[in-house]
Amino acid sequence: MTTDDGASRAAYLAEVVRTLYPEPVAGPGGRGVFLVVPHARAPRLLVPARPRRVASTAVRRYAEPRNRRARLKRQAVVLALRTGADRWLLPDRVVVSTTGSIEAHLHRVLGEPVVPSIHIGPARANRKAVLQLLRPDGRTVGFAKVGTGPLTRRLVRDETVALRALADARLRLVTVPEVWYAGDWRGHEILVQRALPVWRPRVALAPGRLAAAMRELAECQGVTDGPLAASAYWAQLRQRVAAVADRPDGADLAAAVKGLGDSFGDLRLRFGSWHGDWTGWNMAVLADTLLVWDWERFTTGVPLGFDAVHYALQERVQSAADPAKALAATLREVADLLAPFDVEPAAREPTALLYLADLAARYLADRQAEAGARLGALGTWLLPVLIRRLDQLAR
């Protein structure tokens, strides 16, 4: 972890605590104590100090360790919480007043006591408070998202709408969280989802299974087809790009989108739905279903196959020293990625390039670069690859 990331998380920790527990600790009412995991200099998680079984479960169910070292660290923290060694391993504490807090609000609207643990994410424009909700016996029963600014409030509302729509989609290959509660608290947008059974045994992802699930989702709200230039998608993309054209990298993106229209405006495409951020860390693979969460970017009317390109790119770029090389490698495999969606060979690379333009428009609209997101500076990786490929196709 970089020092900058640690400082950002530490500042965000203080912001989250002020937002979710706004009353002064010195006032009347109940108090709560959180342990900072792993420490206050670079926090990842706040877990309740008591009961111990709640704290250990909160750590055990926090995210998915991506390597053996991370798994060992998590196991050490869980063991410390179970044995009482947390007083030495996790020395940093945060004391809050539960009066007028998100905790008290959720108890009231859900009709049952829930104990939260709080995720402290990395710097991103769409960073929001995410709470794992546990019962006093240690069972995870839900997750709450709290949108506090214009962007995050909109994303929480969008996810609520998406989950309610998908509840009626009769998906067979994908399991979507159920909305437990949605509403307003102190001007913040709240969404509570019932917990997916992520504790069930996992299996390896069999060949073709991911593509089949993505195609099912792509077709769940219906499919249309027609020339790119005549589609609602193209009109919306151009509007989104025009809205960010005055921002850093915005002019280059606008020029690239014009090039896409000039080259592929007459190309016929099929349009359906996509998750918008389907990645390995937003999914759990079970024997009978794929559990998929984080639906705040769900959109209809996009070229079929966007999810497949996004998943492949994110798998590469998260650990790549050079994200531009990771992107170039992803573009080389678009034929294989898009074939399961019956995308015509002539439309496969244009579909991938449209996805890149769509992602770039999102990053600029969200001001990811200003928020310090690792991949927010599009001019260092995404736009040069997109522009270079368009130049090659125009020759």
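**Close-up views of a predicted model**

View 1. Strands, like helices, are DSSP runs numbered from the N terminus (E, at least two residues, for strands; H or I, at least four residues, for helices), and two strands count as paired if DSSP finds at least two bridges between them. Strand 12 runs antiparallel to strand 13 (residues 290-292), and 3 bridges join them; V285 stands opposite L290 in strand 13. Contact means heavy atoms within 4.5 Å; axes are lines fitted to C-alpha atoms, for helices over the stretch in contact, and angles run from 0 to 180 degrees between N-to-C directions.

A note on the model: it is predicted, so local features need pLDDT of at least 70 and side-chain atom pairs count only at pLDDT 80 or more, while totals for chains, interfaces and linings use all residues. Residues are numbered from 1 along each chain as its sequence is written, and side-chain values use heavy atoms, with hydrogens and water left out.

**View 2. An antiparallel sheet built as 10-11-14.** This open sheet of 3 strands has antiparallel pairing and the order 10-11-14. Strand 10 and strand 14 are the edge strands, each pairing on one side only, and the twist averages 35° from one strand to the next. Strand 10 (residues 224-227) is joined to strand 11 by 4 bridges; T224 stands opposite F271, and P227 has R268 as its bridge partner. On to strand 14 (residues 299-303): 3 bridges join it to strand 11, with W274 opposite T299. Strand 11 (residues 268-274) is mostly covered, with 5 of its 7 residues buried, where buried means under 20% relative accessible area, exposed over 50% and partly exposed in between (1.4 Å probe, protein chains only).

**View 3. Strand 1 and its two partners.** Strand 1 (residues 31-37) has 5 of its 7 residues buried, so it is largely enclosed by the rest of the structure. It pairs antiparallel with strand 3 (residues 93-97) over 5 bridges, where L35 faces R93. Strand 1 also pairs with strand 2 (residues 45-48) in the antiparallel sense, over 4 bridges, and V36 stands opposite L46 there.

View 4. Leaving aside neighbours within four places in sequence, W295 is in contact with residues including L163, L166, V176 and H275.

**View 5. Helix 13 against helix 14.** The axes of helix 13 and helix 14 (residues 382-394) come within 10 Å and cross at roughly 145°. Among the residues making the contact are L353, L356 and A360 of helix 13, and L386, L390 and L393 of helix 14.
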